[in-house]
Amino acid sequence: MNSQWRELLPQAAAASSSDPDARAAQFAALQSGSFAALAHDTGLIAVTGADAASFLHGQLTNDVEHLKPAQARLTGYCSAKGRLLATFLMWRDATADADATIYLAGAADVQAAVQKRLSMFVLRAKAKLSDATATHVLLQVGGPAAEGVLSQTFATLPAAPLAAVQGTLGDAPTSLIRLPDAGSARSLPRYLWSVPVTQAAQVWAALQAAPGLVVVDPDLTAWLDVHSGVANVVTATQEQFVPQMVNWEVVGGVSFRKGCYPGQEVVARSQYRGVIKRRLHLAHVADGSAVPVPAQELVEVSDPDQPCGMVVQAAAAPSGGYDVLVELKLAAREADDVRLGTAEGPALQFRAMPYEIFDPTETPAASASAAS
């Protein structure tokens, strides 16, 4: 967890689900109630300057130059070999001039290294990267009670996933992004709220006071992230996946109409000339004593000596055990006898993904919808 956020909002950082009754109440709030939690495992990079958009456009997998304040986009940062070093949710503030800030929210444990790597390529561009966790706190909120608090700051709330609205708290900008829906796990919208640190205590107090709102252990909100089917690359999984291996082009994280970026040739070749043999899947591990972790190997019982995939994300499930996003060979998924760690490990019980797999280069209408 970001240490400065822990000190700023100790009540949020201390939220615990260790008590069974508290755990049940918090999962109920995530599923059908109202909740608020620190986005404790998320880092935030701010990119400012007249060339911020053009610089990032040449580094990331998605279109940055046409990013509008009313939208957010998923994007990735690849190595020269086309392997993901980071995945981001990006948005920009509402400033109309060329110096508008673009924000990149990604895994906290990769932020420092990726920020340093991107900064190395700024060269003569008028762009500066900084650690925005020093100026903004990220909260994940959802449900009617949370929306009542949000409506005190924002005139309207984002109406669709990856829509964004902008406002101010005090003299500082604040952004609200509707996160991708969590499939059948939740029918109500959930949001990422970027709150200025100067206003964070006041905002948190308002959320705590909202009738019916439950403060949730930040670790439990990962369950919604898993059920969104949107992969999050962490240190353990860096350089493991070409974007298509984790459905990144399906969820709108890759533009095939923009110019070059690191690894672009590999990503394009995988799309146009290759056959994608690995995909992201949703599964459940019923054995609560076997805790899945990112990069943990998966094996097919019929061929236990050769890993067939790995865990991408994992989260405790309301009914016990864990729900996981796994990157897996399609042939192993069809065989449907995949185990965690070893052939004697817990079996993966596969679930339906919250979206259909399609080729955005062949369905322009669907592609445009995913990227909007």
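The structure is a predicted model, in which local features need pLDDT of at least 70 and side-chain atom pairs count only at pLDDT 80 or more, while totals for chains, interfaces and linings use all residues. Residues are numbered from 1 along each chain as its sequence is written, and side-chain values use heavy atoms, with hydrogens and water left out.

**Overall build**

- The protein chain contains 11 helices and 17 strands, where helices (H or I, at least four residues) and strands (E, at least two) are DSSP runs numbered from the N terminus.
- For 372 residues a compact globule would have a radius of gyration near 21 Å, and the 20 Å of the protein chain agrees with this; the radius is taken over C-alpha atoms, and the globule rule is 2.2 Å times the number of residues to the power 0.38.
- Along the principal axes, the C-alpha atoms of the protein chain fill a box of roughly 60 × 55 × 35 Å.
- Of the 372 residues, 54% count as buried, meaning under 20% relative accessible area with a 1.4 Å probe and protein chains only.
- Among contacts between residues at least 6 apart in sequence, 71% join residues at least 24 apart, a contact being heavy atoms within 4.5 Å.

**Arg 73**

- Arg 73 belongs to strand β3, which covers residues 73-78, and is buried, with a relative accessible area of 11%.
- The side chain of Arg 73 reaches the backbone oxygen of Asp 63 at 2.7 Å and makes a polar contact with the side chain of Gln 71 at 3.4 Å; a polar contact is a pair of N or O atoms within 3.5 Å, where within protein one must be able to donate a hydrogen and the other to accept it, and residues adjacent in sequence count only if both atoms are side-chain atoms.

**Gln 26**

- Gln 26 sits in helix α3 (residues 20-32) and is buried at a relative accessible area of 5%.
- A polar atom of the Gln 26 side chain lies 2.8 Å from the backbone nitrogen of Asp 217, and Asp 217 is also among the contacts of Gln 26 beyond four places in sequence, which include Ser 16, Val 216 and Leu 220.

**Val 324**

- Val 324, in strand β15 (residues 322-329), counts as buried at 1% relative accessibility.
- Not counting residues up to four places away in sequence, Val 324 touches several residues, including Val 226, His 281, Leu 282 and Pro 292; the C-alpha atoms of Val 324 and Pro 292 are separated by 7.7 Å, although these residues are 32 residues apart along the chain.

Methods
Buried < 20%, exposed > 50% of the residue type's maximum accessible area, 1.4 Å probe, protein only.
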